[in-house]
Number of protein chains: 2
Amino acid sequence: MDIALLTVKDERLHVLLVRRANEPEKGRWALPGGVLDPAVDCSLDDTVRRVLRSKTHVDIRYTEQVQVFSGQDRDPRGWSLSVVYYALLPGDKVSAVAGDKAEAIEWMDAMELNRQLAFDHTLLLEAAVAKLRDKVEREALPLHLLPGRFTLTELQRTCEVVLGRPLDKSAFRRRIKEEPALVEIEGEFLRGPQRPAQLYTTAEDFQF
Amino acid sequence: MDIALLTVKDERLHVLLVRRANEPEKGRWALPGGVLDPAVDCSLDDTVRRVLRSKTHVDIRYTEQVQVFSGQDRDPRGWSLSVVYYALLPGDKVSAVAGDKAEAIEWMDAMELNRQLAFDHTLLLEAAVAKLRDKVEREALPLHLLPGRFTLTELQRTCEVVLGRPLDKSAFRRRIKEEPALVEIEGEFLRGPQRPAQLYTTAEDFQF
């Protein structure tokens with residue numbers, strides 16, 4: 001299983017990559033991945049959370065299955081099958097992510113990769129980003145990419161980063177009015193050079 | 001891997017079920033399934049086509065991956081993982097489908113199952129139908145469910161059967177005007193009690 005851990009950093013969607021410490025494709029950058037362990041994982045979702053914890057030392061709240069990639073040409077070691085997931089990390093948790101000593105990690109721009117990834121991982125990443133975009137386009141706000149408290153402007157900006165296009169402010173405000181997962185923090189405002197902006201958070205039991 | 005082979009029969013969406021000839025859950029109805037054989041399958045898509053051919057004796061043109069189901073509670077034999085696909089069979093090919101001698105097959109209403117399926121196959125089927133519905137709702141015409149020649153009324157009816165709700169005729173006609181996969185068969189009409197209806201077919205290279 002391979003995971004595209006996505007976050008927003010410097011106003012761009014970024015993905016966590018790991019430099020492979022072993023052959024094949026040693027030294028190349030890849031999505032973090034792991035292998036199902038039936039002895040400890042109740043389901044593949046458990047595998048994803050376990051692998052992410054071991055690779056990042058952070059508990060990731062939101063993961064979603066993307067697609068299965070399979071075939072004999074994916075890996076020089078022979079026939080392989082991988083279930084691809086994406087996972088979302090709030091922007092303010094990026095600094096908490098720490099790799100293992102054995103493997104270098106790096107956040108890379110997910111829309112404009114400046115390196116060729118190992119195996120077919122470029123395709124896997126494209127599928128993961130497409131799935132997230134589609135979800136945000138059609139039905140959901142990417143609340144799991146936001147910190148614990150945020151303004152509506154930050155929320156709109158995060159949507160725009162995911163979708164790669166600007167959104168009309170008044171249409172966006174209308175859309176989020178019906179979002180039950182969005183909770184106003186009473187009496188809390190972000191104060192800056194402009195007029196204070198209401199702060200929001202995400203409902204406790206929200207699952208995306 | 002398990003497959004929901006779907007077709008339209010008696011104006012309802014139907015799914016092919018196979019009665020299990022062996023334990024566990026012997027005698028219960030299940031989705032047809034098979035196991036990946038790396039020696040002959042170039043990818044999981046190949047596995048799906050091979051399994052469908054062996055279970056139905058028909059070549060199925062269109063398959064799509066739905067989701068992976070996994071866990072220790074799915075099957076009494078222990079931890080298991082299954083990639084679920086749906087496949088679409090044109091309504092006029094239903095009679096060509098023949099099961100193996102060892103296994104009884106039956107077409108069952110996919111929206112109103114009158115039997116509890118083996119294992120977690122009711123959930124698998126629900127996920128498959130939801131994926132097809134979503135695709136037809138959002139972006140595609142279910143052309144692979146139609147026979148080689150069909151009228152626009154038949155096409156609309158097939159969409160309605162998949163979606164489970166009536167569609168407005170003029171809105172539907174506007175939508176299909178932009179569908180490049182839909183090809184008018186010049187000079188061919190369905191003649192009946194009403195005025196002749198233009199016949200259509202699907203473009204050769206059409207992939208859904």
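Modeller: A residue is buried if 20 or more other C-beta atoms lie within 10 Å of its own, exposed if 12 or fewer, and partly exposed in between, with C-beta atoms placed from the backbone. By that rule, 30% of the 208 residues of chain A count as buried.
This is a predicted model: local features need pLDDT of at least 70, side-chain atom pairs count only at pLDDT 80 or more, and totals for chains, interfaces and linings use all residues. Residues are numbered from 1 along each chain as its sequence is written, while chains are lettered from A and ligands numbered from 1 in the order in which they are written.

Biologist: Why does the radius of gyration of chain A agree with a compact globule?

Modeller: The radius is taken over C-alpha atoms, and the globule rule is 2.2 Å times the number of residues to the power 0.38. For 208 residues the rule gives a value near 17 Å; chain A has 18 Å, so the two agree. The C-alpha box is roughly 60 × 35 × 30 Å along the principal axes.

Biologist: What makes up the secondary structure of chain A?

Modeller: Helices (H or I, at least four residues) and strands (E, at least two) are DSSP runs, numbered from the N terminus. Chain A has four helices and eight strands. Their order is β-β-β-α-β-β-β-α-α-α-β-β.
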